[in-house]
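Biologist: I am new to this structure and would like to be walked through it with care. Could we look at it together?

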Amino acid sequence: MSETDQPTPGVPAKPVPVLVPAPPAAPARASTRGSKRRTVGWVSLIAALALALGMSFIPSPYVIEQPGPVFNTLGTSDHDGTQVPLISISGATTYPTSGALDMLTVSVVGSPESLPSWAEIVGAWFDQSRAVVPVASIYPPTVTVEQQDQQNQAQMVNSQQEAIAAALTKMGTAFTTTVSVAQVATDAPATNILKAGDTIDSVNSVAVTSVDTLRAAVTANGDAAPATLVITRSGAQQTVQITPQKASDGTILLGIAAAAAYQFPFTVNIQLDNVGGPSAGMMFALGIIDQLTPGDLTGGQKVAGTGTISADGTVGAIGGIRQKLYGAEQSGATYFLAPASNCDEVVGHVPSGLTVFAVSTLTDSITALTDISSGSDTGSPPTCDSVQAATK
């Protein structure tokens, strides 16, 4: 009350009513606010669940790469329901092997016709062993899935032939190579001069013994003058002249796709169903060498690896290296042979307990296996960590 409301002396003060809030009032307001909060919470939860449910059905424009099956090139594979040697050799002396030389694969979850949902993409995003990539990077829009599969199978067949050639080259075993025309481009220097199936025997008197020697001879000729090619068509030799063309990147071209065919002194049969691509070449070559030479390349160890191979033993880069690292770790390997050109993708993504050697040639791979089998560390080849450290 205010100062003017004080009681008069000697006169009993009138009772002053005390207004006490009615007991139900305050609780009623609190209950209303709490009810609203609960309602908002339930609405938010239901909305989130509805969004998550919707995401589980909505396709994304991505596919998922993840570790695929692992195959021991010294072991067996399933062929029409029967276990058969992955690499079998007839017509040459072979020797027992031990340990494992594992080739690795990458599985792709999704295709243009069946894309992963956003929920699957989110799950893969937080998994180190998996990668989310645009669907067009795996399945180009101008190529059908069937065409892509055919291309992958062709690359696998070619990598097997290159692996046999590389193994025999490393061992010093002679074999015959022929380079033929697989395709002639439209409006190219070779159009109407060369045909698919022609064998290219020489360029400017330089014998063509591989696609690389053909490329080198054409490059050496340049685009200023005609190159003289000796070819074999339908069993008869003939001489033709073609003036190569310089591409926008400076490459000297005849305008053909060339393919190498090899005639080996014995038979090497590689049986591996439902796997495509060129990245197993190096491991095929090592498996062949291990069978054709006394002793064990691995020393009984489980070694994994990946990399393309060419007949001269050059190891090339591959895709999906991080998924293959995790595939190796999951299969129990402790050593991994990786193309040196992939080391920038390897460093920082190596699973615990896995040592990764950087290899550029088949000789590097065998040196690494020698170190692994003997338990020594010569520092050659180096690990991917040391390769990357040296480039900084």
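This is a predicted model: local features need pLDDT of at least 70, side-chain atom pairs count only at pLDDT 80 or more; totals for chains, interfaces and linings use all residues.

Biologist: Which are the edge strands of the open sheet of 6 strands?

Modeller: Strands are DSSP runs of E with at least two residues, numbered from the N terminus, as are helices (H or I, at least four residues), and two strands pair if DSSP finds at least two bridges between them. The order is β6-β1-β5-β16-β19-β20, with mixed pairing. The strands that pair on one side only are β6 (131-134) and β20 (355-359).

Biologist: Which residue in β16 is the bridge partner of Met 103?

Modeller: Strand β5 (residues 100-109) pairs with strand β16 (residues 302-305) in the parallel sense, over 4 bridges. Within β16, the bridge partner of Met 103 is Gly 305.

Biologist: What angle does the direction of α6 make with that of β5?

Modeller: Helix α6 packs on the sheet and touches β5, β16, β19 (335-339) and β20, where contact means heavy atoms within 4.5 Å. Axes are lines fitted to C-alpha atoms, for helices over the stretch in contact, and angles run from 0 to 180 degrees between N-to-C directions. For α6 and β5 the angle is about 155 degrees.

Biologist: How are α6 and α9 oriented to each other?

Modeller: Helix α6 (residues 281-292) and helix α9 (residues 362-374) pack with their axes 11 Å apart, at an angle of about 60 degrees. Angles under 35 degrees count as roughly parallel, over 145 as roughly antiparallel, 65 to 115 as roughly perpendicular and the rest as oblique. The two helices α6 and α9 are therefore oblique.

Biologist: Which residue in the turn between β2 and β3 has a positive phi?

Modeller: Strand β2 (residues 76-79) and strand β3 (residues 82-85) run antiparallel and are joined by 4 bridges, with Ser 77 opposite Val 84. They form a hairpin with 2 residues between them, and the residue with a positive phi, of about 55 degrees, is Asp 80.

Biologist: Which side chain makes a polar contact with that of Arg 233?

Modeller: Arg 233 lies in strand β10 (residues 227-233). Leaving aside neighbours within four places in sequence, Arg 233 has contacts including Ile 193, Leu 194 and Gln 238. A polar contact is a pair of N or O atoms within 3.5 Å; within protein, one must be able to donate a hydrogen and the other to accept it, and residues adjacent in sequence count only if both atoms are side-chain atoms. At 2.7 Å, the partner of Arg 233 is Asp 198.

Key:
Residues are numbered from 1 along each chain as its sequence is written. Side-chain values use heavy atoms; hydrogens and water are left out.
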